[in-house]
Amino acid sequence: MATEGTKTNKDATRGGEKLLTVKDLSVDFGKGGGAVHAVKNISFDIGKKETVALVGESGSGKTVSALSILRLLPYPAASHPSGEILYKGQDLLKMRQSDLRKIRGDEISMIFQEPMTSLNPLHTIEKQVAEVMTIHQGISGKAAQARVLELLDAVGIDNPKERLNSYPHQLSGGQRQRVMIAMALANDPDLLIADEPTTALDVTIQAQILDLLLRLREKLDMAMLLITHDLGVVRKMADRVCVMTNGEIVEHGPTKQIFKAPKHAYTKHLLASEPKGRPPKANPDAPVILEADDLKVWFPIRRGFLRRTVGYIKAVDGVDVVVPDGQTVGVVGESGSGKTTLGLALLRLISSEGPVVYLGDRIDGLESKQMRPFRRQMQIVFQDPYGSLSPRLSVSQIVEEGLLVQKRGLSAEERRARVSKALKEVGIDPATQDRYPHEFSGGQRQRIAIARALVLEPKFLVLDEPTSALDVSVQAQIVDLLRDLQKRYSLAYLFISHDLKVVRALANSIIVMRDGKVVEQGPADTVFENPQTDYTKALLAAAFELEATGAEAVSS
Amino acid sequence: MDAPTDVAIQEQEAAEAAEGNRPWVRVSPINKRRWTIFKSHKRGYWSLWIFLVLFVISLFAEFVANDKPLLVDYQGELYSPIFKSYPETAFGGFFETEADYRDPAVKEMIEVDGDGWILWPPIRFSYNTENKDPPMAFPSKPTWLLTKEDCERAIEDGFHPCNDELEWNWLGTDDQGRDVVARIIYGFRISVLFGLVLTILSSVIGVAAGAVQGYFGGWTDLLFQRFIEIWTSVPQLYLLIIVAAVIEPNFWILLGILLAFSWVALVGLVRAEFLRARNFEYVTAAKALGLGNWTIMWKHLLPNAMVATLTFMPFILNGSITTLTSLDFLGFGLPPGSPSLGELLAQGKDNLHAPWLGLTAFFVIGIMLSLLIFIGEAVRDAFDPRKAYGAAEG
């Protein structure tokens with residue numbers, strides 16, 4: 001325990017005085033033989049005004065560790081076999097509930113990952129932010145409103161006065177996260193626990209939120225515990241880093257030192273696993289597999305009794321795409337830019353206007369039955385490997401589904417052989433093909449989804465954010481797998497992603513989309529090295545340097 | 001649209017099953033888990049067994065309670081009157097009509113003249129057999145409840161005296177002299193069968209209608225919903241009374257009329273499930289593989305909706321049984337003479353001096369519905385995704 005009471009100089013180095021000390025903390029779920037040891041004997045501390053990052057992949061126990069600081073775990077299902085958490089000399093784990101409540105939200109507050117669900121949709125912004133102050137400081141009415149305005153202004157919400165009576169659904173994701181931050185800061189906490197504060201946000205918004213957190217940290221002199229899987233965020237924000245895996249802290253130290261000279265094998269693996277490499281050189285004479293001209297997907301807005309069309313939501317508005325054989329076209333853009341819609345329209349999974357030509361055949365006017373022979377040659381892999389595999393079918397049933405429709409003549413043995421081959425190609429042991437999807441990890445499920453597409457031997461594959469739901473180290477493996485498959489079978493990819501690092505590693509040419517329109521289009525090298533438009537520049541800055549430059553070019 | 005495809009796929013699957021590559025019934029881990037939960041639900045599990053035993057017994061009601069013997073040995077030859085009707089002349093009688101084996105004269109012809117024997121079912125009454133020789137006026141008491149006074153009066157009034165020859169009516173007779181035990185055995189069977197058929201048919205129609213609405217959405221959904229709104233506002237009972245006035249309702253006509261209204265129960269539920277699930281990524285993936293609409297509905301969406309459907313089914317079954325009983329009670333149900341629990345209830349109401357009628361009907365209906373509800377509760381728990389999946393993932 002650090003010297004409590006001795007006043008240190010305000011300019012003293014960060015972390016001189018310990019604010020929070022976690023000693024030998026363990027968390028178990030369940031009891032007896034079936035107990036899951038989620039966190040095993042971890043120790044770390046946070047000094048005043050210091051930012052400490054807990055880094056790890058999903059399932060490493062970082063969030064559970066953070067939640068146990070405020071005892072927010074589902075007790076009694078969760079328990080602490082050992083450890084203590086000392087905050088200003090008091091053990092939070094042994095504190096009475098009523099005393100703990102005085103600390104929660106007042107001295108220690110939290111920001112959660114998902115701004116969509118961590119605000120109550122039934123209450124106004126003002127009410128939700130003011131509630132924290134009413135509970136802990138007893139201020140309400142005019143005084144509370146004034147403070148709410150001050151806070152909303154501090155977190156960078158435009159026209160805070162007009163926003164007071166807004167409901168969460170009237171705000172964008174970034175604005176919601178700002179409101180969450182305002183709530184967390186309402187009582188001037190000494191420690192802010194931020195659990196993946198930017199993971200659910202677009203890159204440009206992410207950069208803005210991180211800037212905001214940095215500024216507020218300086219202004220309010222608070223310490224931060226940052227929980228994240230994103231090494232870029234760590235590098236930008238943290239003073240010290242603790243690397244977690246399988247419930248243990250395997251390495252900790254100052255950020256610079258960890259990034260420069262990682263000691264533990266897992267840290268090295270994590271640092272090395274950011275998607276690297278470049279796509280193979282594009283062959284300029286490659287034949288065109290798929291081409292679309294002036295593609296439009298407009299959803300009509302209908303109003304009134306007669307449901308007359310009064311306007312259109314232009315999800316995709318006049319996009320030209322050319323996908324050459326064996327090459328990758330990357331489609332980047334923020335959420336809502338229409339990139340997924342573009343992919344679905346090219347596969348004719350939603351109706352669109354404008355010619356779509358596949359190997360010389362126009363496919364945009366075909367009915368679903370006439371489309372069937374083409375379906376074999378064009379496949380899709382979705383973002384969420386948990387949602388894209390039916391939980392009620394075994395892996396072999398999932399993979400062979402396409403064969404049942406597209407290759408009618410095959411016998412059961414032939415089908416099983418093809419399924420096995422496809423699974424082997426994506427790195428799944430064919431012996432496991434009679435298991436069900438829930439028995440596989442996220443990365444393995446994504447491989448199964450790729451196998452389902454590959455078993456039909458397609459020529460063109462739409463990859464809709466195939467790596468976004470996966471951990472970094474798994475991401476890199478999937479990227480390698482995709483690149484390898486492309487080389488072997490001369491596949492053409494349309495790679496949709498918001499993650500520019502992954503796109504950089506795979507795409508030969510790039511389409512930057514915003515609000516359904518193309519902002520910039522061209523060979524990948526040109527777009528990345530020498531972006532022409534402000535929007536692309538802002539996107540690249542946000543993605544690679546986590547800088548919120550050119551804020552006027554992006555929306556908040 | 002793609003019906004041939006579906007048939008082809010199903011045939012392929014059937015062929016594979018025949019080859020033994022795939023077990024015909026594939027018990028997925030989730031279903032195993034559900035069965036374990038169901039079994040651990042003691043009350044529901046025991047209710048299921050008790051109900052199954054009762055139901056199987058009642059299915060063979062003809063072998064349990066019948067006024068025809070199971071086997072007759074007459075002059076060295078075996079007869080099975082339960083399957084075949086023999087004229088009295090076959091046993092040396094005078095009439096060309098079917099032999100009345102309960103008639104002491106016929107009995108004598110077989111056992112004495114024919115030097116044979118008769119193998120009876122445990123209860124020698126069918127649901128419509130009249131006890132021609134009761135110890136008292138109808139409705140007569142359960143035989144074991146007869147008091148000394150009853151027996152004395154029986155001799156005075158010229159009824160069958162209380163001796164060893166007296167035939168037993170375990171739960172007495174109704175006001176037309178028919179054995180109550182026989183009537184509840186047959187009545188239980190007809191109630192449960194009616195309930196099951198109505199439930200299965202209305203579930204099939206309801207699920208199909210809900211599936212089409214939910215999957216295609218748009219105008220199909222809109223028009224169908226408006227139609228259902230109008231349809232459900234037609235008063236069922238009046239319609240039944242009107243129909244009953246024109247034609248005499250039998251089992252199938254009643255079933256038809258009730259079915260016409262009961263199928264809507266599941267539509268909303270299934271429609272909602274399909275509306276939700278049709279946007280799942282694995283459904284889009286199936287479309288991208290080139291699967292037809294009907295295959296997708298059958299293979300990917302129906303299993304989702306089945307959880308909700310199966311959870312509701314026991315309760316629909318109970319509702320169907322109750323509806324039939326109440327119609328019988330009011331006199332708009334099965335034709336007169338049918339063994340029906342509702343009719344027994346009505347008799348109990350009309351004969352308050354014969355409490356065994358009302359009490360028997362009450363307990364039979366009460367126990368039957370309770371057993372089904374207990375089973376239903378256990379099924380609901382077993383299909384509860386929080387339990388089935390949560391526990392599985394541990």
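## A tour of chains A and B

Start in chain B of this predicted model: the C-alpha centres of its domain 2 and domain 3 are 27 Å apart. To see them, select residues 67-120 of chain B for domain 2 and residues 132-168 of chain B for domain 3. Domain 1 of chain B is assigned to two segments, 28-61 and 181-393.

Next, select residues 188-380 of chain B. UniProt, in an unreviewed entry, annotates this span as "domain: ABC transmembrane type-1". The span is 84% helix and 0% strand. Pick the C-alpha atoms at the two ends of residues 188-380 of chain B, and the distance between them is 24 Å.

**Chain A, annotated spans**

Colour residues 20-271 of chain A by secondary structure: 38% is helix and 25% is strand. The end C-alpha atoms of residues 20-271 of chain A lie 28 Å apart. Then do likewise for residues 301-540 of chain A, where the chain is 39% helix and 24% strand. For residues 301-540 of chain A, the end C-alpha atoms are separated by 34 Å.

**Chain A, a helix pair**

Now select helix α3 (residues 125-137) and helix α4 (residues 141-154) of chain A. How do their axes cross? The axes come within 9 Å and cross at roughly 115°. Angles of 65 to 115 degrees count as roughly perpendicular, and α3(A) and α4(A) are therefore roughly perpendicular to each other. The crossing of α3(A) and α4(A) is right-handed.

Show side chains for the residues that make this contact. From α3(A), display A:E126, A:V129, A:A130, A:M133 and A:T134. From α4(A), display A:A144, A:Q145, A:R147, A:V148 and A:L151. By class, the residues of this contact comprise six nonpolar, two polar and two charged.

**Where chain A touches chain B**

Finally, show both chains and select the residues in contact between them. Chain A contributes 24 residues and chain B contributes 21 residues. On the chain A side, the elements giving two or more residues are α12 (368-375), β17 (378-381) and α13 (395-406). Which of the elements of chain A gives the most to the side that touches chain B? That is α13(A), with five residues. Coloured by class, the side of chain A that touches chain B shows nine nonpolar, seven polar and eight charged residues.

Key:
Residues numbered from 1 in each chain as written. Chains lettered and ligands numbered in written order. Predicted model: local features only at pLDDT ≥ 70, side-chain atom pairs only at ≥ 80, totals over all residues. Domains from an automatic or database assignment. Axes fitted to C-alpha atoms, helices over the stretch in contact; angles between N-to-C directions. Helix = DSSP H or I, 4+ residues; strand = E, 2+ residues; numbered from the N terminus. Parallel < 35°, antiparallel > 145°, perpendicular 65-115°, else oblique. Left-handed = near helix turned anticlockwise from the far one by under 90°. Contact = placed C-beta atoms within 7 Å. Nonpolar A, V, L, I, M, F, W, Y, C, P; charged D, E, K, R; others polar. UniProt positions renumbered as here; feature names shortened; annotations may be inferred.
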